[in-house]
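Hi there,

Here is the structure I promised to pass on. Have a look at it first, and then read my notes below.

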Amino acid sequence: DPSLWRRAHKNRINMALKGEDPLDSLSLPVQRMHLMQVDSVQRWMEELKLMTDCECMCILQSKPISMEQDEQNELILSSQPSTGDNLQLLLKRAWIISTELGRIAQKLEKSRWQRVHSMTVRLNCHVHSMVNEYNTFTRGSSQEMHQLEKLLIDKCSEFTAFTERCLQTEDEEILKSMKSCVNEALTTVAQYFGQLIELVLTQEAQKLLRQIELSGSLYITESAIRALFSLAQEGAHLCRIIAKEGGVVALFKICRQDCFRCLYPQTLRTLASLCCVEEGMHQLEKVDGILCLADILTDPSHSEATHAEAAAVIAQITSPHLTFTQHLSSFLENMEEIVTALVKLCQEASSGEVFLLASAALANITFFDTMACEILLQLDAMKILLAACSDKHIVDTPYSRDQVVTILANMSVLDQCASEILQGNGIPLLLELLSERCCSGSAAEAAACERVQQKSAVTLARLCRDPAVAEAAAKLSCIPRLIKLCRSPTERNNSDSVLVACLAALRRLAAMNPEGLEDSDFQQLVKPRLVDSFLLCTNMEESFV
């Protein structure tokens, strides 16, 4: 009777998971049979946990948790999960498989054959689960997809068979010869897996982009853009895939249609993510993306959120850390309009986040082209930025202060900047920024504080070419603060870059105002070569106990 067999099989599984012998409840003849089949049963019990763990993980990941109490609504969520959820599930499964491949390689290097085999069995389960999951929510997979799935599954089975044979021998010479075959099988599995994931993600990106391009529905377009943004957050490789499939072109098309105005912020946020890769930048140039961004920034009918996200795209494409911005020739043509709009956004920002995005874009532009600093001077940007710093609700984090002081440092190379700083009462602000300290213990915030201190010192060093600035800085006790930063590693968070900047600023101030230093400070921090003073200050933290 099949039902009796299923019940008996279930009882055996439960007993095995509890550590009991599943054959104790059977008759004596079967127990005799057990003596003949002990190896296969033991192996089954060893592998059962791995198999069930994998399947349990699959079920838990696939089961959505509904916030609604209505059971009917839960059924709808379970039967019709969104594309974004399915992709996230697929990416999680892919990450698990990738991690397993790396661990298997480590164990194989150490010839831990028992672990290699058990992990291979688990890998096999994950691969089958991933393929089944993808085929469940994808209709009509391509022939190429089916071929890759079959190749991967077959190679995983072959890999498992290899590792099982390695368990059955203890001859070291045979194991050494088999190790190369196992290594080759592992490499092939990883290769097929990579190709399959690449193809899956490419096809999913294509589907989302078709929805964006062909659908006139606001809801469908918004859902597709949200899923595309989620994919772009997974890293540069996915951004390249989306960009190659025309993602930047499709998103700028949305930004040129008034009927999708409410989607502009989300669309621009996605564009900022895609433009972190060279492929995205090339696509932006091809569709005159700079001109589109300039139009959005200068259009007063757009919301502040839209302007802020457009500023984020500008900040991304002008980042000094990128090596492929040289081809942005169209940016120079629109730079004055963009800079003017960004200064206005800084002046009218209603929140710290909006100010941060606008000031970050301005800071990057000052690195991008020196003409931007002259435009900023003409727009009285110095006064606007200094005034913003006095509002703690707007400039509320070290990250915002980092952007402001970056702009000041880059503008300070201009001779006219000194008088602007004095008129805007900027010297006290620079002295305050020299005392920037990290309060949260976050590594990112600590790094931002170091940059604020370093750039403040650099700005002072440049501005103190003007005797009036040097005199004002000396009157505000800037020299004692610089000396303390040089002599106390904890004051500068043990940062060498802050130390070098402070030594340079101190020497410039000492040249303009030598009576402000004690003889010991002059002898140690100003008179020697810069490198000698640097070495002296870095050795001050040594303990002689």
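Let me start with Ala312, which is buried because its relative accessible area is 14% (buried means under 20%, exposed over 50% and partly exposed in between, with a 1.4 Å probe and protein chains only). A word on the source: this is a predicted model, where local features need pLDDT of at least 70, side-chain atom pairs count only at pLDDT 80 or more, and totals for chains, interfaces and linings use all residues. Residues are numbered from 1 along each chain as its sequence is written, and side-chain values use heavy atoms, with hydrogens and water left out.

Ala312 sits in helix α15 (residues 304-317); helices here are DSSP runs of H or I with at least four residues, numbered from the N terminus. Setting aside neighbours within four places in sequence, Ala312 is in contact with Ala272 and Leu357 (contact means heavy atoms within 4.5 Å). From C-alpha to C-alpha, Ala312 and Ala272 are 6.5 Å apart, though 40 residues separate them in sequence.

There is also one aromatic pair. The ring centres of Phe331 and Phe368 are 5.1 Å apart and the planes are at 85 degrees, so this pair is edge-to-face (Phe, Tyr and Trp rings, the six-membered one for Trp, pair if their centres lie within 6.5 Å; planes under 30 degrees apart are stacked, over 60 edge-to-face, the rest tilted). Phe331 belongs to helix α16 (residues 329-348) and Phe368 to helix α17 (residues 352-368), 37 residues apart. Phe331 is buried at 0% relative accessibility, whereas Phe368 is partly exposed at 22%.

Best wishes

Terms used: Helices (H or I, at least four residues) and strands (E, at least two) are DSSP runs, numbered from the N terminus.
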